[in-house]
Structure formats: structure tokens, C-alpha cells
Amino acid sequence: MATLDEAPSSKRWLPLEANPDVMNQFLWGLGLPETEAECCDVYGLGEELLEMVPKPVLAVLFLYPLTQQSEEERIQQANEVKEPHGRVYYMRQTVGNACGTVGLLHAVGNITSEIKLVEGSFLDKFFKSTANMDALERARFLENDTEMEVAHAVAATAGDTEASDDVNTHFICFTCVDGTLYELDGRKTGPISHGSSSPEALLKDAAQVIQGMIEKNPDSLNFNVIAISKKSG
């Protein structure tokens, strides 16, 4: 969960645990109604296990280990990323270990048309305040937001494992915007397009990309996939 290379902050947070219960309490407390959406474990990438995930899926979070290969690919992609077209909500990560929160903000920021945030809540104000900012301005806004820092700290210490800022894993988000599957990683220079997709195919399409990333790290078991699903009714 290292910081990005350009203009990183000296600020470091404790990392969020890849735990749907922790993430749900975090998001619900910030203004995502419990009746609107929830985080759910994805227990595997095979078709049968994907079918068990509550639908519709609005976004997918992926936790993976940072390796020399993943860092080399990130640097290579930095030269290929272009400014996204359409309505992609994207922000950079300048705070160390904030990738879990940035991933959740990427997820919620791209589904505000699908869910109704509590008016006047933290998330409602955050997305309204940052709507017209560029990716780095949004990062600085988050960096200076004391309310979010406190909420993140509470969530980071609510998991089952002892919180430590010495980690080598990283959260990214997958979302579908305007018919395209995007990988949103605050440590990269912009969104990564993975081709055509749809809200109905989001989970399956993201799973294919994730499977490819896992296959590049056959010796690691440190992966976790979490879906954000819309509640019915």
C-alpha cells in the first residue's frame, strides 16, 4: 500500500483489513445507507462461486501483493494511460496505506447514479466537493480531511488482525462506466481500461482480469476479492 511516486504525502494511515463487515460499517457510517448496498466476500473466481455473490454487483475490490513485477508493470502503464473519457471518478493516492479507503471512494464515486447517499453525509459532501477537481486535487482534499482520517483509523482498528502500517499489499477497484471496465488504482497515473463490459457482466469481467493478475504471482496466497452489491427491495 505504498504511496505514489509523484508528490507523495508524509502522512501514513493504518491499512484497512480486507473484511466486508469492517468495510460495511465504515461505509454505512459515512453515509452509504445500509439499505442501498453492502460489501460481500467473493470466495472464488470460478463460475459457480461467482454465482453465489449477491447481484447486481456495483463494483469489485481486489487486494493483491506488491511485487517487483507489479511495480514494473505500474511504471510501464504510466506511459500508456490517457485522460479518461466520460464520467469516470478517479483520484490519486498520496497518503500511505490509504488504498483501502481510496478503493472504496472509487467504488462509491462511480455508482452515485445507482445508489442514494444520505444527504449531507460525509460521502455526499465529499463527492459534491470534489466533483470538478482533477485526480491530484481530490487526493490532496482527502489528505487534509480530518473527518475521513478519523473514520479510517476507527475502521482500520476494527478488524480481526492487529493493525500495522508495515504491509506490502494493495487495494484496487474495478467498475463499469459507460460500457467500459475500468481498473482504478490511486498509485497509477489514471484509470486503466480493460475493454467493453456492462453492469451485468462487471463481476465476471473483473474476475477474468483478476485471474490474470493472480496467475502472474503463483507463489503468493495474499489475494482477496470483495464485491459491493446493491441491495434489493
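## Aromatic neighbours, a covered strand and a pocket

Phenylalanine 126 and phenylalanine 127 are both buried, where buried means under 20% relative accessible area, exposed over 50% and partly exposed in between (1.4 Å probe, protein chains only). Keep in mind that this is a predicted model: local features need pLDDT of at least 70, side-chain atom pairs count only at pLDDT 80 or more, and totals for chains, interfaces and linings use all residues. Residues are numbered from 1 along each chain as its sequence is written, and side-chain values use heavy atoms, with hydrogens and water left out.

Let us stay with the rings for a moment. Six aromatic pairs turn up in a search of the whole structure. The rings of phenylalanine 126 and phenylalanine 127 have centres 5.5 Å apart and planes at 90°, so this pair is edge-to-face. Rings of Phe, Tyr and Trp (its six-membered ring) pair if their centres lie within 6.5 Å; planes under 30 degrees apart count as stacked, over 60 as edge-to-face and the rest as tilted. One aromatic cluster is formed by Tyr89, Phe122, Phe126, Phe127 and Phe141. Over the face of tyrosine 89 lies arginine 138, at 4.0 Å from the ring centre; the criterion is NZ of Lys or CZ of Arg within 6 Å of the ring centre and within 35 degrees of the ring normal.

Aspartate 134 is found in the loop between helix H5 (122-130) and helix H6 (135-143); helices (H or I, at least four residues) and strands (E, at least two) are DSSP runs, numbered from the N terminus. Aspartate 134 counts as partly exposed because its relative accessibility is 41%. Polar atoms of its side chain face two backbone nitrogens, as tabulated here.

| Backbone nitrogen | Distance to a side-chain polar atom of aspartate 134 |
|---|---|
| Leucine 136 | 3.2 Å |
| Glutamate 137 | 2.7 Å |

Now to the strands. Strand S2 (residues 57-65) is mostly covered, with nine of its nine residues buried. S2 pairs with strand S6 (residues 224-230) in the antiparallel sense over six bridges, pairing being defined by at least two DSSP bridges between two strands. S2 also runs antiparallel to strand S3 (residues 169-177), joined by six bridges. Phenylalanine 62 has valine 225 as its bridge partner in S6 and stands opposite isoleucine 172 in S3.

Finally, the largest pocket has 28 lining residues, with Val57, Pro199, Glu200, Ala201 and Leu202 nearest its centre. Helix H2 (47-51), S2, S3 and helix H8 (202-215) each give two or more residues to this lining, and H8 provides the largest share, five residues. On a 1 Å grid over the protein atoms alone, a pocket is an open set of points where a 1.4 Å probe fits, with protein on both sides within 12 Å along at least five of seven lines; lining residues have an atom within 4 Å of a point.

Methods: A polar contact is a pair of N or O atoms within 3.5 Å; within protein, one must be able to donate a hydrogen and the other to accept it, and residues adjacent in sequence count only if both atoms are side-chain atoms.
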